[in-house]
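This report describes selected features of one protein chain.

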Amino acid sequence: MPAGDERLNRERVLKAAVELADQDGIGSVTMRRLAEKLGAGAMSLYYHVPNKDELLSGMVDLVFGEIELPAEAGDWKAVLRRRAISTRDALRRHPWAVGRMEATAAPGPNDLRLHDAVLGCLRAAGFSVEMAVQAYSLQDAYIYGFALQEKYLAFGTREEFAETAAKRVREVEARSPDVAAEYPNLAEVVAGFVAKHGYSADDAFVFGLDVILDGLERFRLAP
């Protein structure tokens, strides 16, 4: 390690990279900018993260480390519900990680611990090995899909969503005066309900999650 860089370590480099990505997006994370942020020489970073792929894998593993691990004991639905909500919260803090959580070439220790804990919870609840795989895959598809939607859609508060929906309705009405006749279902749902009552992403996420967990119950003790 070059003299003067003793204060650097892998964790500090990765945390700085996460902060940079959170602030300016993943495209901003270069060895040069990271070195500037840390007040170090760019070449000294390679001692801790040999290449960009390992840097990204380490950053993703820090995000995995923020997710609540489900316990094998207790109500399996409750602990997996908390795990899902914790995952969504982590991805809202680090939107650059959406789409990268299951794509790292070398999973880190936090990643492995979480996967092992979720599988352990499902197995302890009575799911067969095959169904544990299916149940895990289904939950993650929902969680990551919802996170991807949130990344690109500005939901805001329930009131803000209602205001946005009302604005869109007015825009459509300006082009198509008889919206109710042309798009009766949209008129009923968007203009008649969403534009008045709004939409809560938090409520929608939990609703969908509970539908999935309740649906998995019928497969829990299947042979």
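## Leu62 and its surroundings

Apart from residues up to four places away in sequence, Leu62 touches Leu14, Lys15, Val18 and Asn110. The model is a predicted one. Leu62 has its place in helix α4, which spans residues 52–64. With a relative accessible area of 24%, Leu62 is partly exposed; the class of buried residues ends under 20%. Between Leu62 and Leu80 there are 20 Å in space, C-alpha to C-alpha, for a separation of 18 residues in sequence.

## Asn110

Asn110, one of the residues that Leu62 touches, belongs to helix α6, residues 109–124. Neighbours within four places in sequence left aside, Asn110 is in contact with Asp61, Leu62, Phe64 and Gly65. For Asp61 a distance can be given: its backbone oxygen lies 3.1 Å from a polar atom of the Asn110 side chain. The side chain of Asn110 is also joined to the side chain of Arg113 by a polar contact of 2.7 Å.

## Helix α1

Leu14 and Val18, both touched by Leu62, are among the buried residues of α1. What covers them includes α2 (31–38), α3 (42–45) and α4. In an α-helix there are 3.6 residues a turn, so residues three or four places apart point the same way.

Helix α1 consists of 15 residues, and the distance from its first C-alpha to its last is 21 Å, close to the 21 Å expected at 1.5 Å a residue. After α1 comes Gly25, which has a positive phi, near 95°.

## Asp140

Is Asp140 buried or exposed? Asp140 is buried, because its relative accessible area of 8% falls in the class under 20%. Asp140 has its place in helix α7, residues 129–152. Residues up to four places away in sequence not counted, Asp140 touches Arg83, Glu102 and Gly145.

Rolling a probe the size of a water molecule over the atoms shows where empty space is left.

| Pocket | Volume |
|---|---|
| Largest pocket | about 330 Å³ |
| Second largest pocket | about 200 Å³ |

The lining of the largest pocket is made of 20 residues, and Arg10, Glu54, Ser57, Gly58 and Ala106 lie nearest its centre. Helices α1, α4 and α6 each supply at least two residues of this lining. The largest share is that of α4, with 8 residues. Sorted by class, the lining of the largest pocket holds 9 nonpolar, 5 polar and 6 charged residues.

The second largest pocket is lined by Leu153, Ala154, Phe155, Phe161, Thr164, Ala165, Arg168 and Val190. Helix α8, residues 158–175, gives the most to this lining, namely 4 residues. The division by class is 6 nonpolar, 1 polar and 1 charged.

Key: Residues numbered from 1 in each chain as written. Predicted model: local features only at pLDDT ≥ 70, side-chain atom pairs only at ≥ 80, totals over all residues. Heavy atoms only, no water. Polar contact = N/O pair within 3.5 Å; in protein donor to acceptor, adjacent residues only side chain to side chain. Contact = heavy atoms within 4.5 Å. 1 Å grid on protein atoms, 1.4 Å probe; cavity = no way out; pocket = protein on both sides within 12 Å on 5 of 7 lines; lining within 4 Å. Points joined across faces, edges and corners; volume = space filled by probe spheres on them. Nonpolar A, V, L, I, M, F, W, Y, C, P; charged D, E, K, R; others polar. Expected span 1.5 Å × (residues − 1). Buried < 20%, exposed > 50% of the residue type's maximum accessible area, 1.4 Å probe, protein only.
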